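User: I have a model open and want to go through a few local details. Can you take my questions as they come?

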Amino acid sequence: MPRSWIVTAIIVALVVIWVATGQVGGDSASAPVASPGADLTPKVRVRSSTAEPMASRLTLQGQTAAERKVTVRAETHGVVERVLVERGARVSAGEVLVRLALEDRQAKLQQARSLKAQRRAEFEAAQRLQEGGFQAQTALARAKAEVAAAEAAVELAQLEVARTTIRAPIAGIVDQRAVEVGDFLDRGEALATIVDLDPIRVIGQVSERFLDQIDTGARGEVRLLDGRSVIGTVSYVGSVAAPATRTFPVELEIPNPDGRIIEGITAEMALPIRQLRAHRVPPSVLTLSDSGALGVKAVDAQDQVVFHPAKVLGDSPEGIWLGGLPEEIRLITVGQEYVLEGQTVIAVPVGELPPVGSG
């Protein structure tokens with residue numbers, strides 16, 4: 001037998017022995033082969049979440065504003081004869097601010113009164129003549145009309161005299177005074193500005209997320225820059241958003257009898273918001289649906305994935321608050337990005353959320 005055949009036979013024999021030894025001994029380090037019936041159901045971590053009362057205060061930056069601000073204007077023309085108030089003075093409603101010179105107004109009033117008396121006498125004479133059959137009915141009617149015109153002239157003259165005394169239309173503080181003695185005022189010209197600071201308003205801006213949670217009449221707190229805290233009442237919640245910020249005005253009304261709180265200062269508003277039940281969850285659980293809606297994925301009683309649209313209501317050191325969810329859910333905290341809605345999963349519990357304030 002040729003030497004090469006002997007070598008070939010020996011090699012084949014060695015290979016057969018090595019293969020047979022591997023099948024019999026079973027190498028423990030070899031990779032296992034998955035059987036056709038292996039379970040490929042994905043596992044996700046879930047956390048039981050129960051809705052709880054959400055934080056009930058909303059903090060905003062605001063600014064104080066006067067309750068009313070009125071510009072007092074002249075109702076007739078004339079020369080300023082007396083100025084009875086100074087800037088910063090506190091005035092009552094109806095208090096005299098400025099007096100204009102009467103000039104010929106008093107004489108015109110006396111003239112109108114004399115004409116009225118004359119027309120009244122003429123009417124009475126015409127009435128007697130008509131009763132005696134010596135005066136036509138039309139003449140009596142004309143005399144009566146002349147009496148009415150004379151009475152109207154008297155009222156106009158009296159009103160013109162009264163307009164020379166300019167009074168405060170509201171109680172408040174004289175913020176601006178634009179006239180001095182000797183100035184000539186024309187009809188409609190401004191002479192003073194009065195601001196009413198009691199009560200005073202604090203105006204802030206709130207986003208649409210909290211707009212439906214603020215009630216008119218609710219009590220709120222205002223902290224001023226000097227450290228004072230005062231209590232007020234929500235008097236107005238806006239219904240039209242500011243175009244630039246898409247926020248809505250909210251006003252808090254505060255008693256201010258001494259006028260110590262002035263207009264235009266910055267203040268911090270703490271408003272009560274309607275008590276809502278929401279889920280406090282870590283931000284990492286948020287995901288998007290196929291249509292782009294924001295929400296969370298949970299597991300139902302059949303261990304199938306369910307997508308719940310959610311609305312972010314606020315945040316806290318322990319997590320964010322979500323509304324629009326069922327009262328109790330099994331929330332997927334790990335693996336939500338790798339499973340699809342309706343897919344069956346193996347839910348592995350990881351405990352419940354810690355209580356609010358536990359850190």
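User: Is Leu109 buried or exposed?
Analyst: Leu109 is buried, at 4% relative accessible area; buried means under 20%, exposed over 50% and partly exposed in between, with a 1.4 Å probe and protein chains only. This is a predicted model, where local features need pLDDT of at least 70, side-chain atom pairs count only at pLDDT 80 or more, and totals for chains, interfaces and linings use all residues. Residues are numbered from 1 along each chain as its sequence is written, and side-chain values use heavy atoms, with hydrogens and water left out.

User: Where is Leu109, and what does Leu109 touch?
Analyst: Leu109 belongs to helix α2, residues 105-131 (helices are DSSP runs of H or I, at least four residues; strands are runs of E, at least two; both are numbered from the N terminus). Leaving out residues up to four places away in sequence, Leu109 touches Val154, Ala157, Gln158 and Val161, where contact means heavy atoms within 4.5 Å.

User: How far is the C-alpha of Val161 from that of Leu109?
Analyst: The separation is 8.0 Å, with the two residues 52 apart along the chain.

User: Switching to the sheet: what is the strand order?
Analyst: The order is β2-β15-β20-β19, an open sheet of 4 strands with antiparallel pairing; strands pair if DSSP finds at least two bridges between them.

User: Which strands are at the edges?
Analyst: β2 (52-53) and β19 (311-316) are; each has a single partner strand, so one side of each lacks a neighbour in the sheet.

User: And how many bridges between β15 and β20?
Analyst: β15 (residues 277-281) and β20 (residues 319-323) pair over 3 bridges. Val281 stands opposite Ile320 in β20.
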